[in-house]
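Let's take a walk through a protein model together.

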Amino acid sequence: MTALLPPDHPPVKKGRVGVLLVNLGTPDAPETGAVRRYLGEFLSDRRVVEIPQIAWQPILRGIILNTRPKKSAHAYRQVWTDKGSPLAAITAEQALELQERLSPGESPAIVVDWAMRYGNPAIPDRLAAMFEAGCERILLSPLYPQYCAATTATVVDKAADWLRAQRWQPALRTLPPYHDDPAYIQALASDLGRQLAALDFVPEVLLLSFHGMPKRTLELGDPYHCHCRKTARLLEEAMARPDIRMATTFQSRFGPAKWLEPATDAVLEAEARAGTKRLAIAAPGFSADCLETLEELAIRGREQFIDAGGEHFHVLDCLNAGAEGMAMLETLVRRELAGWI
Ligand SMILES: C=CC1=C(C)c2cc3[nH]c(cc4nc(cc5[nH]c(cc1n2)c(C)c5CCC(=O)O)C(CCC(=O)O)=C4C)c(C)c3C=C
Ligand SMILES: [Fe+2]
Ligand SMILES: [Fe+2]
């Protein structure tokens, strides 16, 4: 190969590399005011609520932000930890663990940080801090296995808004969705298998509950629903548990429109009424436990199942910062950093 630099040239030092883990967001405190600020930002995102702002904003400001924050704050209080919101605390732990795996030590060549799409720490602030710390290349890593415009794309939008305002920009890559990646499927299969083995009952049914979205979004071409279905199919194959019936459901419906079906709450009730006594739920689309798993599934879901005649109920943990999940994240991130490190 022809040398590009003269032999006496000092070694070229590449800048540092950054990895920014991003999840959805959460209020700063489990209080009505903080939840109102958070929901105001979240639900004003045109990627999240796809109806014209002129029609939506009066409903949001006039009705939803006057009623929902109090109810949601109550829900958040039931799951809040001494490290704050579970979603933020677990994402911070994932970043710390990934830092150790990729580049431990005082002045790492790879800097791992985390942000929330809505609320704090904000994406522009963390990107600016990384660039300031010498990261000339940044891997933006939305922690959503299944691509959805309302989650994945809006993370990229927010980063692009920040880039647009920079004279000197870092180079940016994004972590692709990983809904069918063998590393993800294997991590889930082995983590969920271990958790099932530790239960004091063998479930008749395992629900794979994914966050829902409006049905119209699917008709407009969003791949989210297909990604969820593929994850569920691959996971069921990898778990190899013919003794457990598995079903895919969609949770967290919001507003009057039709959302993806079947709905988790309806299935919980129908299963119990049909005689299912032992049921477990996993939420493979969530990288971290959060309000939607800890409150909606573990508290309200349990009530729905037991009140309708069920007897044994358990919500399995998300991958969180456990060994399987962290090994998977390391694999996915290292692959994307190829050529950069
Ligand atoms: C209004 C429309 C919503 C869409 C579309 C939506 C998609 C979506 N969301 C997640 C992941 C999470 N959502 C969470 C909370 C949450 N989601 C919505 C609404 C939509 N989500 C609301 C109003 C809320 C707030 C909570 C409430 O008031 O009930 C969370 C948890 C946040 C936390 O702090 O713990 C996650 C995670 C995905 C993957 C997704 C894609 C289809
Ligand atoms: Fe959501
Ligand atoms: Fe919810």
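This is a predicted model: local features need pLDDT of at least 70, side-chain atom pairs count only at pLDDT 80 or more; totals for chains, interfaces and linings use all residues.

Four strands make an open sheet in the order 2-1-3-4, with parallel pairing. Strand 2 and strand 4 sit at its edges; each has a single partner strand, so one side of each is left without a neighbour in the sheet. On average, neighbouring strands here are turned by 25° against each other, direction ignored. If you'd like to see what holds such things together, strands of a sheet pair through backbone hydrogen bonds, either parallel or antiparallel. Now zoom in on strand 1 and strand 3, which pair in the parallel sense over seven bridges. Look for Val17, and you'll find Arg137 of strand 3 standing opposite.

Next come the helices on this sheet. Helix 4 lies across strand 1, strand 2 and strand 3, and it runs at about 160° to strand 2. Helix 5 packs on the sheet as well, touching strand 1, strand 2, strand 3 and strand 4, and its direction makes about 155° with that of strand 3.

Which residues of helix 5 (residues 149–164) are buried? They are Ala149, Ala150, Thr151, Thr152, Thr154, Val155, Lys158 and Ala159. What covers them includes strand 1 (16–26), strand 2, helix 4 (123–132), strand 3 (135–142) and strand 4 (171–174). When you look along a helix, here's a handy rule: an α-helix has 3.6 residues a turn, so residues three or four places apart point the same way.

Strand 7 (residues 278–282) pairs with strand 8 in the parallel sense over four bridges. Leu279 has Phe313 as its bridge partner in strand 8, and Ala280 stands opposite His314 of that strand.

Now for the inside. The largest nonpolar core has 85 residues, and Leu20, Val22, Leu140, Leu188, Leu235 and Ile281 touch the most other members. Its largest share, seven residues, comes from strand 2 (residues 110–119). Pick out Leu235 to see what that looks like up close: leaving aside residues up to four places away in sequence, Leu235 touches Ile185, Leu188, Ala189, Leu208 and Pro284.

Time to find ligand 1. It is surrounded by 22 residues, of which the closest are Thr26, Ser72, His211, Cys290 and Leu291. Strand 1, helix 2 (53–79), helix 5 and helix 10 (291–307) each supply at least two residues of this shell. By type, the shell divides into 13 nonpolar, seven polar and two charged residues.

A cis peptide bond joins Asn120 and Pro121, with omega at about -10°, and Pro121 lies in the loop between strand 2 and helix 4. The peptide bond from Glu261 to Pro262 is cis too, with omega near 5°; Pro262 lies in the loop between strand 6 and helix 9.

That loop between strand 6 and helix 9 also holds Ser252, which has a positive phi of about 65° although it is not a glycine. Is Ser252 buried or partly exposed? Ser252 counts as partly exposed because it has 17 C-beta neighbours inside 10 Å. Asn320, in the loop between strand 8 and helix 11 (323–336), is another residue other than glycine with a positive phi, near 50°. Asn320 is buried, as it has 20 other C-beta atoms within 10 Å.

Methods: Residues are numbered from 1 along each chain as its sequence is written. Chains are lettered from A and ligands numbered from 1 in the order in which they are written. A nonpolar core is a set of buried Ala, Val, Leu, Ile, Met, Phe, Trp, Tyr and Cys residues joined through C-beta atoms within 7 Å. A residue is buried if 20 or more other C-beta atoms lie within 10 Å of its own, exposed if 12 or fewer, and partly exposed in between; C-beta atoms are placed from the backbone. Two residues are in contact if their C-beta atoms, placed from the backbone, lie within 7 Å. Two strands pair if DSSP finds at least two bridges between them. A residue is near a molecule or strand if its C-beta atom, placed from the backbone, lies within 6 Å of it. Ala, Val, Leu, Ile, Met, Phe, Trp, Tyr, Cys and Pro count as nonpolar, Asp, Glu, Lys and Arg as charged, and the others, Gly among them, as polar. Axes are lines fitted to C-alpha atoms, for helices over the stretch in contact, and angles run from 0 to 180 degrees between N-to-C directions.
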